[in-house]
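Here's a quick briefing to read alongside the sequence and the 3D view. Have both open and follow along by residue number.

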Amino acid sequence: MELMVVVMIVGLLAAMAIPSLSLASYERDTYNDAGAIMQLFRRARTRAVGRGAAVLVAMTSTATDRGTFLMYEAVAPNPTGLAVWSQVPIATCKYPTTWPLSAMSPIDGVNLNGTIEQLAGIVAQPNVFSPTKTAVAAAYVCFTPLGRSYVVSGSSAVASPSFGGQTSNLNPFGIDVTHTNGGTTRTVLVPPTGMARIFSHF
């Protein structure tokens with residue numbers, strides 16, 4: 001009888017612990033995906049400074065896209081007759097650099113479509129403490145070899161983003177990552193320097 005009581009108590013405690021364990025798993029998965037996005041931005045800036053090339057990170061999030069982040073590098077085309085890219089870096093985000101993304105091969109990326117996490121939104125905000133956020137479906141950030149960043153965003157993805165006429169970015173923007181089953185929202189805050197950080201909203 002005593003053994004049965006002990007078994008029942010252990011079973012009840014285990015049942016009570018399951019939701020907490022599940023939530024902890026959600027939190028870990030969300031944090032890991034947010035961390036992957038953060039590291040992508042840091043690698044983009046580091047690559048731009050190290051290679052002397054403009055580096056672009058393209059972000060999209062729609063009803064059918066949980067969140068896709070792709071990194072591209074600006075390189076000069078080969079002379080006529082050669083079939084591959086010359087890989088000579090181009091240092092500017094603006095003209096004469098063009099970004100025909102469909103014809104370019106990404107050099108790195110993060111795709112949330114194979115996970116159970118999703119973007120709550122790509123948002124522009126004055127700072128992480130401000131409640132004012134403007135969600136967008138697509139955004140593009142370009143880093144120069146000097147570490148400056150340029151950002152363009154819109155309500156839909158574009159085939160070839162253009163940074164002509166843009167001034168250097170002065171405001172941070174964020175990427176909110178959440179789990180489909182709820183839990184804490186993790187915000188990847190990207191300041192103008194490109195040194196992204198993760199903030200949590202409890």
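Is Thr-68 buried or exposed? Thr-68 is buried, at a relative accessible area of 15%, which falls under the 20% cut-off for that label. Keep in mind that this is a predicted model. The protein chain has 202 residues, and 40% of them count as buried.

**The overall layout**

- The protein chain is built from one helix and 12 strands.
- About 10,900 Å² of the protein chain is accessible surface, and carbon and sulfur atoms account for 62% of that.

**The five-stranded sheet**

- Look for an open, antiparallel sheet of five strands, ordered β5-β2-β1-β8-β9.
- The edges belong to β5 (108–111) and β9 (149–154); each has a single partner strand, so one side of each has no neighbour in the sheet.
- Going from one strand to the next, the twist averages 10 degrees.
- β1 (residues 55–60) pairs with β2 (residues 68–73) over six bridges, in the antiparallel sense.
- β1 also runs antiparallel to β8, and six bridges join those two.

- Thr-68 sits in strand β2, and Thr-60 stands opposite it.
- Leaving out residues up to four places away in sequence, Thr-68 touches Ala-58, Met-59, Thr-60, Val-110, Asn-111 and Asn-113.

- On to its pairing with β9: the two strands are antiparallel and share six bridges, with Ala-138 opposite Gly-154 in β9.
- The hairpin of β8 and β9 has five residues between the strands, and there Gly-147 takes a positive phi near 90 degrees.

**The disulfide**

- How many disulfides does the model have? The count comes to one.
- That disulfide joins Cys-93 to Cys-142, with an S to S distance of 2.0 Å.
- It ties together distant parts of the chain: Cys-93 lies in the loop between β4 (88–89) and β5, Cys-142 lies in strand β8, and the two are 49 residues apart.
- The torsion about the S-S bond of Cys-93 and Cys-142 is about -90 degrees, which makes the disulfide left-handed.
- Cys-93 counts as buried at 2% relative accessibility, and Cys-142 counts as buried at 0%.
- For background, a disulfide is a covalent bond between the sulfur atoms of two cysteines.

**The nonpolar cores**

- In soluble globular proteins, nonpolar side chains tend to be buried together.
- The largest nonpolar core here has 25 residues, and those touching the most other members are Ile-37, Phe-41, Val-57, Met-59, Phe-69, Ile-175 and Val-188.
- At least two residues of this core come from each of α1, β1, β2, β8, β10 (173–179) and β11 (185–190).
- The largest share is from α1, which supplies seven residues.
- There's also a second, separate core of 15 residues, and its members include Ala-54, Leu-56, Ala-74 and Cys-93.

**Ala-44, on the helix**

- Which element holds Ala-44? Ala-44 is found in helix α1 (residues 2–51).
- Ala-44 is buried, with a relative accessible area of 0%.
- Not counting residues up to four places away in sequence, Ala-44 touches Val-55, Val-57, Met-71 and Phe-143.
- Ala-44 and Val-141 are 97 residues apart in sequence, yet their C-alpha atoms are 9.7 Å apart in space.

Terms used. Residues are numbered from 1 along each chain as its sequence is written. This is a predicted model: local features need pLDDT of at least 70, side-chain atom pairs count only at pLDDT 80 or more; totals for chains, interfaces and linings use all residues. Side-chain values use heavy atoms; hydrogens and water are left out. Helices (H or I, at least four residues) and strands (E, at least two) are DSSP runs, numbered from the N terminus. Buried means under 20% relative accessible area, exposed over 50%, partly exposed in between (1.4 Å probe, protein chains only). Contact means heavy atoms within 4.5 Å. Two strands pair if DSSP finds at least two bridges between them. Axes are lines fitted to C-alpha atoms, for helices over the stretch in contact, and angles run from 0 to 180 degrees between N-to-C directions. A disulfide is a pair of cysteine sulfur atoms within 2.5 Å. Accessible areas come from the Shrake-Rupley method with a 1.4 Å probe; for residues, only the protein chains shown count as cover. A nonpolar core is a set of buried Ala, Val, Leu, Ile, Met, Phe, Trp, Tyr and Cys residues joined through side-chain atoms within 4.5 Å.
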